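Subject: Handing over the structure

Hello,

As promised, I am passing the structure on to you. Please have a look at it first, and then read my notes below.

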Amino acid sequence: MAQRLCALGLQASVLYGCADEGAGPAAEAEAPGRGLPVRSSLAGRLTPAQHRNIASDVLGVELSASDLAVAGGGIPQEQPSTGLFRNGADGQAAADDYPLAFARLAAQIATRVDISGLLAGVAGCADAVSPCEQAFVADLGKRLFRRPLSARESEAFTALHGALRAEGLSFADACRGVLEAMLQAPAFVFRLERELSGDPARARYLDGFELASRLSFFLWDSAPDRELLELAEVQALDGSPAALPALRRQVARLLADPRARRMTRELVRDFAGTERAAFVGVTPALRSALLDSMVATVDAHLWEEGAPIRELFTTRKLSFDRSTAELLDLTPMAEGQHLYDVSPLPERVGWLSHPGFIAGMGDAQVGKLVHRGITLMTKLMCRQPIQLPDGLEATTADFNTMYADLTERQRSEERQKRGDCWACHAQFEPLAYGFDRFDAAGRYLGALDAQGRALPIDGWITDDLSLEEAARPRYADMAELMALLADSETIQSCMAEHFLAFATGRASSEIEKAFASPVRVALERAGGDLPAMVQAVVTSELFRALAPAGPAPEGQP
Amino acid sequence: MRRGITRRTLLRGAGSVAIGLPFLEEMGLPRAGAQEAAAPARLVTISFGLGIPAEQAELELEGPLEPLAPFAGKLACFSGLDMGQAHSYGSGTTHFKTGDVLFVGEPQKNEYTAAGPSLEQLMLRELHPAGAPTRLSSLSAGLWFTYGAPSRYVCHWNYDGSPGPAPIRRPTRLFAQLFGESMPSSGSEPDRARRARVQRSILDTVLEEYRFAVGERSYLGAESKAKLRIHLDGIRNVEQRLIPTETPLMPETPGCAAPAAIQDPDGLPYDQETPDTPQLPGVFKPHSAPMDHLAYLEAFKLQAELFALALRCDLTRFGSLLVTDKGGNLQFKGQYTGAAVGSIDFDVETATDSIHNELFHRQRLPEIARYQHFTMTGVASALAAFDDPMFVEANGKTVLDNTLVVIGTEYGLDHGLSGVFHAVAGGHGHFKPGFYRQQANVIDLYDTLLKPYGIRSGIGTRHATFRHTPQELTAILA
C-alpha cells in the first residue's frame, strides 16, 4: 500500500514512507513564529480512556471498566501529570507493568474484534480470504497509527502476517495477530509527532496527520476518523494559515458529533477532581454519581443551552440524580440526571457550588479554608502556591493547637494578624470564605455551625494581586462571589489556559499562559460559548505548530 | 491461614543451598578478586518515612536502631547527612520534595518528576546499558497509603526522572509478578510450541518498532526517546511472562521453588484508592483506617521474603522496598515495645491524629524513637530475609553480602533536612561497618557508594554547591 501511495505521489507517502521515511510537509513552506513561541512536542502515552475510545471507534470493540482495570491486567490509570489533566504527556509514570498491560489488552481486543467486519471495510478485501494483507495492513495501520505507514512499517507488518500464515494460522487469525502487534507498537501506544523535522531554528506548522490527531484527541479523546485522515492525505488540512477554513469546518463537524461530549467529561472530571472526594460516608458509587451529576450540569449548560462558558459561574440550573439529590436533601426525581432550578437556594449559585466540585476539593477538617483556597487559586487563577518556608509544619501544628476552639474563619482572621502568614494566605484564603457554609460533601450547613457559631461568607477575590488588599473586589454572599468570578479576566484566561493544556496534552507552562490571554479575547469576540472556545484554541499557533526539538536525523529533511 | 514463605516450602527438605550465580559476562563488578567477581552487582534501596532525629541515630544500637543489631557487622550508619537541596524546588510541601531527593540526590524537576534516576536505576543503566540481564529489570514493593505527589510513595525513578511504578502492596501480587501468570488466547488455539512461535513473531515485530523509534533515524526528540526506551525495557517483561516457553520462569534450583500459594495478611487496606488530594501541613487527614501494627510488619516481612527470593534466583538485581511512605499520615492499632526505647500505645497516640502530626510535628522525641524502632523492625526483617544463611551464593556469601542495600529516609533533626539518617548494608565487602557522624550531603554518600562499582554517578553535577568537602566519604571505603 505504501508503494501505491508513493506511486501516487501523495503527501502522506512523502511524509511517512517511501525511500527516506520522511520529508518536509507543505506546511513547512511557511513558518509560524511571528507571534508567541510554541512548544516542542513530547510523546504521550494513551490514557485508558483513549484506549477504550479507539477500541470502540476504530475496531468496534467495547472495553468495559473491568477490562481496563489494573486488577484485570488493564492499563494503569494515569494520575494527573504535572498539570491538571490526565491526558498530559509530561511526567507520565513509566514502568514494567505498562507494556504488559498493553500486551494483555491487545490480545484481548484481537480476540474480540469482528475481523470479518474489519476486513470488509478495506478496499480490496471483500471477504476474509482474499489475499489482501497489504491493503489490510495499510488500512488498519493508518487508523491505529493515525497516519499512513512508512514503507518499512508496511513491510514489517505484512511480513508478520506472512509469518503467522506460515505457522498455519488462517488469513483472518493472521490479521488478528497483526492487529495485536499494532496495538503494542509505539505509533499506537504513544501520541507521536515528528519532533525533529524541519529547520531546528524555527517552529513549523503541524502536518495534516499531526493536526488531525491533535484535533481528534482534543475533541473526541480518540483517533481521527476516516474523513480527517483523508483530508490530511490530500493536503486539505494542516496547521498552516491557508488551511484554517478547513480546520474550522472540521472543528464544527467534530463538535456536532456526540463523541465530543467526551471532551467535556474529561475536562470536568479532572478540573473538579470529584473522583477524589473523601468525605465521611462517601462510596465509589456516590463519587461516580457526583461526577456524573457535575458533568451533566456542564453538558446541559454548554451543549444543550449553548450558553457562554463564563455563565457556568452563575447558572442556577444544576443536575442531580437520585443519590446526589438525596445527599443534598432535595426531592429526588426518577432515575437518571435531572436539571434542578436551584434559584430558591441562595447558596447554590454556579457550577462551583455543585457538590461534585466542593467534594472534589478534599475533606480537610482543620485547615479547610486554606485547603479550599489553594484549590480555588490553582484551578481558577492558574497560580501555584509559593514555596513554604522551613519549619512551617511545626508552626502550623502549634497554630492549630492554639486556636483549636476557633472556627475556620476565626482562625483565618488570626492569620491575617500575622504578617508572615498572611503575606501568602492573602492570595487565596479570601476566595474560600464564600464556601464556608458547605461541608466536605458539599452539603449546606446553614448560617451557624453545630456549636451555634456564625459562619460568615463575605470576602474578596484575589485575582489581581497588584491591588491593595482593601481595594480588591468584595463579595457578601455566594451570588456576588460567583458574579465576580464570572467577570474576572484572570479567571477567564485561566479557563483558556486549561483548555489549551488539555487540547495539546501538555501540562500548562509559561507558553500556555502566554497564549491564554489572546484565546480569551478571541473567545469573547466569538460569543464565549464552547464552540467559540474550541475554535479559539485550535486556531491558535500553540495548537497548530510545534518547535523542533533538534536537527533532523542525518540525511533526512 | 499461611502467612509466610516457610523455609520448608522453599527448600523442600534441602539443607543449606548454594544458589547458582549468573554468568560472569553478565556481571557488573570490577574483577577485584575471584570471590567478588562471582557475585553480580545488585542494589536495593529500603526507605521509610519521617526520619530519625540525629541524636537518636547517634545512640547507635541503643535507640531506635536497636532492631538492626544482628546486622551490625554488615552495616554502616550515617547520622549527619544533609538533604537541604530539597528546598531548591519552588512550591509544595516539603515531604514530596524530600521524597524526590531521597536516593536521587538532586532537587526535583517538578511536582511529578525527579531530577534523574534513583540509585538502583542508575546502577542498572550504567552497568547494563543494553538492558537488564534478568527477567525483571527491577522490582518495587512496599506498604504505602498516602495521597498526593508520587514521590511520597514512589521509590523508583527512571533514568529520565519520571516516576517508576508504585510499590506493589499486596504480597500475593508480588508473588504473581515473580511466578508469572497465563496469557489470554487470541484466535484459534494452536499447540503450545506453535503458539509460542506466533507470540514471538508478534513481539519481535513490536520490538523492532520500538528499536526504530529510539534509533538514529527516528524523528523523535531525546525526551520522547527516553520515554520509549523505558517502555522498550518493559517489553522484556512481556516477553518473559506471557510467551509460553519450555523454559520455566524461575530457575529450577531448590532455593527458587515456587512456594505454595500465599495469602495477604488481613487488615490492611491494600486496595485503598489514593486520591491525588493535596496534603496540607497541620491538616489531619488520615491516609487509611488504623492498621494493626503486627499485620503491617507481617505483610512487609512477606514482601521482603519474596524480594529476597527474586534476588537470589536472579529474577532481578535492582529494586526498592518501602517500609512506610514519606510524609504519610498513618494510624496504627495495638501496643509496640522496643527493648531499648520502651512502649508506644498506637491506640492512644493515633486516636485522633496521625503518627506524623502527633509525634513528629510536636517533636515528641521518646515516642518518635519508639515508632521508628517499630519501623526498624520492618527494615530488620528485610535484612534478615536477604541475609538468610540457608541460602548462600556460590561465593559462600549471603544475598545481603552480595547486594548493596541503601537504607534511607526523608527527614532528620527537628523534622528538618539536616541530620538525616542513612545506612548501608552488604555491599560486596566494599564498605566498612560502623557509625559515622560526619557531616555530608546525601550526594556525597551516593557518589561514594557507587564508586567501587566503577560508576561515576554524575549526581550533583548541577548542584555542586550542596556538596561538602571532601565530597567523598572515603572513611567508609574498605
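Here is what I found, grouped by the kind of contact. Please keep in mind that this is a predicted model.

**Aromatic pairs**

Counting every chain, there are 28 aromatic pairs. Take F48(B) and F421(B): their ring centres are 6.4 Å apart and their planes meet at 50°, so this pair is tilted. F48(B) belongs to strand β2 (residues 43–48) of chain B and F421(B) to strand β12 (residues 420–426) of chain B, so the pair ties together parts 373 residues apart in sequence. F48(B) is buried, at 0% relative accessibility, and F421(B) is buried as well, at 1%.

Another tilted pair is F332(B) with Y371(B), at 6.2 Å between centres and 40° between planes. This one also links distant parts of the chain: F332(B) is in strand β7 (residues 332–333) of chain B, while Y371(B) is in helix α12 (residues 365–386) of chain B, 39 residues apart. Both F332(B) and Y371(B) are buried. They are also members of one aromatic cluster, which includes F145(B), Y296(B) and F374(B) among others.

**Charges over rings**

For a contact that involves both chain letters, look at R152(A): its charged end sits over the ring of F212(B), 3.8 Å from the ring centre. Within chain A, K379(A) lies over the face of F271(A), 5.9 Å from the centre of that ring.

**Salt bridges**

The whole structure holds 53 salt bridges over all chains. In one of them, E153(A) and R147(A) meet with N and O 2.8 Å apart, and both of these residues are buried.

D173(A) and R176(A) form a salt bridge at 3.2 Å, N to O. They are 3 residues apart in helix α9 (residues 171–182) of chain A, so about one helical turn separates them. D173(A) has a relative accessible area of 13% and counts as buried; R176(A), at 15%, is buried too.

D436(A) bridges to K368(A), with the closest N and O atoms 4.0 Å apart. D436(A) is in the loop between α22 (429–432) and β6 (459–460) of chain A and K368(A) in helix α18 (residues 368–381) of chain A, 68 residues apart. Both D436(A) and K368(A) are buried.

In chain B, shared partners join E349(B), E358(B), R362(B), R364(B), E367(B) and R370(B) into one salt-bridge network.

**One more residue**

Finally, S288(A) is in helix α15 (residues 284–304) of chain A and is partly exposed, at 37% relative accessibility.

Best wishes

Key. Residues numbered from 1 in each chain as written. Chains lettered and ligands numbered in written order. Predicted model: local features only at pLDDT ≥ 70, side-chain atom pairs only at ≥ 80, totals over all residues. Heavy atoms only, no water. Helix = DSSP H or I, 4+ residues; strand = E, 2+ residues; numbered from the N terminus. Buried < 20%, exposed > 50% of the residue type's maximum accessible area, 1.4 Å probe, protein only. Phe/Tyr/Trp six-rings, centres within 6.5 Å; stacked < 30°, edge-to-face > 60°. Lys NZ or Arg CZ within 6 Å of the ring centre and 35° of its normal. Salt bridge = Lys/Arg side-chain N within 4 Å of Asp/Glu carboxyl O.
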